[in-house]
Amino acid sequence: MKATSVSLGLILLAVVSVNAQRRGRRPAVNTDSIQTNYIPSESFAPMYYTERGNEFHSANGNPGAKYWQNRVDYQLKATIDTNTKTLTGAEVVTYTNNSPDALPFLWLQLDQNTYKRDARSTFLGGFTTVNNQHTDGYQIESVSVINNGKAEKVNFIISDTRMQIRLPKALAGGGGKLIFAINYHYTIPGAFGNRTDFTQTKNGKIYEIAQWFPRMCVYDDSHGWDTLPFLGSGEFYCEYGDIDYTVTVPSDMIVAGSGELLNPTEVLTAKQVARLNEARNSDKTVMIRTAEEIKDPASRPFHKGNLTWHFKMVNTRDVAFGASNAYIWDAARVNLPGGKKSLAMSVYPLESAGNDAWGRATEYLKKSIEYFSEKWFTYPYPVAINEAGTAGGMEYPGIVFDGIRDKGSELYWVTAHEIGHNWFPMIVGSNERRYGWMDEGFNTFIDVYASDEFNHGEFAPKRDGEYAPGKGNPADEIVTTIVDPKAPVIMTNADAIPEAFRHPIVYFKPAFGLVLLREHIMGKDRFDYAFRNYIHQWAFKHPQPEDFFRSMENGAGEDLAWFWRGWFFNNWKLDLAIVNAQYVNGDPKNGVQVTVANKDQMVMPFTLELKLKDGSKQRVVFPVESWLLNKAVTYVFPTTTEAESVTVDPDNSLPDVNRKNNTSRIK
C-alpha cells in the first residue's frame, strides 16, 4: 500500500539509515546487545475490543443508530423534622422503558442503607464505620403501582442498598410507561454521613441532603440492570429525566437546591427577590442575605411553622440540596456561549465569610462554569450552587458541597473540581460505580487547564499530583504509583481500589494520561476536537470505556491501542535511556550519533535535545512508531561544532522511571 504521508521523525530516521549505508558507516553500538525488557509486539498488538461496533454502540465511538436508554421522571416531596433529624419523603416515579425488553421487575438504589450497621460497605471499611456511628437506613412504608389514578400495593424486597419491585405485569419495551409511588423516611446521618449530613455552626445547623430518595438503577445494553451495591468509593450511575420536588423545613431556614426555584415570592422576602434579579444581571457578586441579616427576623418571610420550597430540574440524573438558618447567600450572573445565562450562587455560614475564603466562592464558581462551557460544552442548567458544609467536596447536578473551612487556592481548586463534575458525569453520564476514572479522572484533567486560565493563573498550576496539587513534577509523581507492585490498574472496579491508591489511580493517572495525549501524542488541536466530539456525542447518554477509546481514536485519527493497553489496562513502566552518544568518526564536523533505548514495556513519543558548547540547542521529536520495530533507535545530529551533552525528554514531561540514564556527555 502506498504511504501518503510519513512523520518527521521517521523521515529523519530513514535518512540516517540510508546515509549510514551509503557511507559504509557502522553503528557505534550493537543495539541487539542492549539489555531491555521491551517487547515491541506486546505494546503494538491490535487493540482487543469486546466486540465489533454494533447498532447501539458504533465502531466510531458514537451512539449507534438504534442506541436506547430508559427515562425516569420524579415528583418528590421531602419534609425535614429538625428535632428528630428525620427526612420524610414521598415520591412518584414515571418510568419509561425504551429498551427492547419487557421488564418483569425493577431495581432501585437505596443509598441511605449504606449507613446501617450490617451494610456491605461496613465490612469493606467504607464511609459508615466512623466512630461506629450508624442509622437504620431507609424505612420503606409502602410501594404502589398507580393505574388510572388508583394505587395498588406491590411486592418488593430490599437487599443492602438495592430494592427490587416485583411487578404484577411485565413492563413492555419500546416505550412502555409505569407510574409507581414510594413513601419512606430515614434518619439523617450526622457528620459521619460524609456525603450527606448535618453539622452545627455558630448560628445554626447546616443540612446537606443528598442521595435522599430511592433512585432507579440503570437498565442498559451492557449489563441489563446495573445493581452494584453502594459501597462508598464507587459513586453513582443514574438515568436522566425531569425532577420536580418540594422541601418543607422550618420557616427560618433557607434551602439551596438543584434546579430552578419555582416559588421565590413564597419563601423569600421582597428584598431578596429583588437582589436575586439584580444578581442575574451582574458579573460582580451580589449579596442576597448578608452576615448581618442572619439573625434578623426580617430576612425571612414572617411565617409560623414551616415553609415549602419548590424546585424543578430538567433532564438531570439527580438532585440534592442544602438547608440552614445560618446561611449567608450571594450570587452572580454566569455568561454562557450563544448569549445564554445562568446564575451562580454560594451559601455559607459566618465562619466561612471573608474575601480570603467563601467571599469569593461565587466568583470561583462563575469563572469555572464559563471556562468549561466555552471550552467543552455549554452548562445546561439555570442555577449552580456552591454550598459550605462538612461534606467537603461532593458533587450533584447543579450543586456542590465544599469544605466549610476551605480558603484561597484550596477553595478555588475544590470549587472548580466539584462543579466540573457537572460535565463528568452529570452531562456525560458514565458509570461511576464501575469506572470511577471516567468521572474523577476526566474531571481532574479539565481542572488542570481551568486553573491555568482563572484570573491569569492566580492559583496555577494545579497538576493534582499524588501529593499537594501544584507541587512537584506530575510526571515524576505518577512514577511512584507506576513502580509500586501493589498498585491496581485504572480499569479496576472503583470499589476494588484500596484507599491508598484511590487518588493516584482514579484521579491522577487517568488525568495525566489525557495530558500526555493532548500535549505529547495527539497535539492540542486534534485532542480538543476529538474530546469535544466525545462529550457532544455522549451528552446525557451512557458511554462505556470502549466508546471513549473508539471516539478518541476516530476523532484524532490515531490507533491508540498501545496507549490504552500500557496506561489504562496495565501499569507499564517507561524507561528511555541514552546508551551511546559520540561524534561520528570522532569528528564534531561529521555530527553527533546518539542511540536511545527503550528499557521497559511502555512506549511514548519522545524529544531528544543536543546541547552545543556554544550554548545553542538542537531538538528532534520522535513519534511512537519509532518503537514499532525497534528496541533502540539511532539518530545523527548534524553539527559543525563541538557538543556538550544530549538529553532524552529534556523537559521531564514523560513519566520516565529512571531519569539518571536520560543524559549523556558527548564522547
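**Exercise 1. In which order do the eight strands of the open sheet lie, and which strands are at the edges?**

Step 1. In this predicted model, the eight strands of the open sheet follow the order 5-4-8-2-1-14-18-16, with mixed pairing.

Step 2. Now look for strands that pair on one side only: these are strand 5 (150-153) and strand 16 (260-261), the edge strands.

Step 3. Strand 4 (residues 139-147) is joined to strand 5 by four bridges, and the two run antiparallel. For a landmark, find Val145, which stands opposite Glu152 in strand 5.

**Exercise 2. Work out why the rings of Phe424 and Phe531 count as stacked, and what parts the pair ties together.**

Step 1. Start with the total: the model holds 63 aromatic pairs.

Step 2. Check the geometry. The ring centres of Phe424 and Phe531 are 5.7 Å apart, and the planes meet at 25°, so this pair is stacked. The cut-offs doing the work here are centres within 6.5 Å and planes under 30 degrees apart.

Step 3. Phe424 sits in the loop between helix 7 (408-420) and helix 8 (440-453), while Phe531 belongs to helix 11 (residues 524-538), so the pair links parts 107 residues apart in sequence.

Step 4. Follow Phe531 to another partner. With Tyr534 it makes a stacked aromatic pair, 6.3 Å centre to centre and 20° between the planes. Phe531 and Tyr534 are both in helix 11, three residues apart, or about one turn of the helix.

**Exercise 3. Are Phe531 and Tyr534 buried or exposed?**

Step 1. Buried means under 20% relative accessible area.

Step 2. Phe531 comes out at 0% relative accessibility, so it counts as buried. Tyr534 also has a relative accessible area of 0%, so it is buried.

**Exercise 4. Which residues touch the most other members of the largest nonpolar core?**

Step 1. This core has 194 residues, and the ones touching the most other members are Phe180, Trp212, Phe531, Phe548, Phe563 and Trp564.

Step 2. Ask where the core draws its largest share: helix 10 (residues 499-521) supplies it, with 12 residues.

Step 3. Pick Phe548 and skip its neighbours within four places in sequence. What's left in contact with Phe548 is Trp437, Met438, Phe442, Leu514, Phe531, Tyr534 and Trp564.

**Exercise 5. Which rings have the charged end of Arg215 or Arg518 sitting over them?**

Step 1. For Arg215, the charged end sits over the ring of Phe236, 5.0 Å from its centre.

Step 2. For Arg518, the ring is that of Tyr449, with the charged end 4.5 Å from the ring centre.

Definitions and conventions
Residues numbered from 1 in each chain as written. Predicted model: local features only at pLDDT ≥ 70, side-chain atom pairs only at ≥ 80, totals over all residues. Heavy atoms only, no water. Pairing = 2+ DSSP bridges. Phe/Tyr/Trp six-rings, centres within 6.5 Å; stacked < 30°, edge-to-face > 60°. Buried < 20%, exposed > 50% of the residue type's maximum accessible area, 1.4 Å probe, protein only. Lys NZ or Arg CZ within 6 Å of the ring centre and 35° of its normal. Core = buried A, V, L, I, M, F, W, Y, C linked by side-chain atoms within 4.5 Å. Contact = heavy atoms within 4.5 Å.
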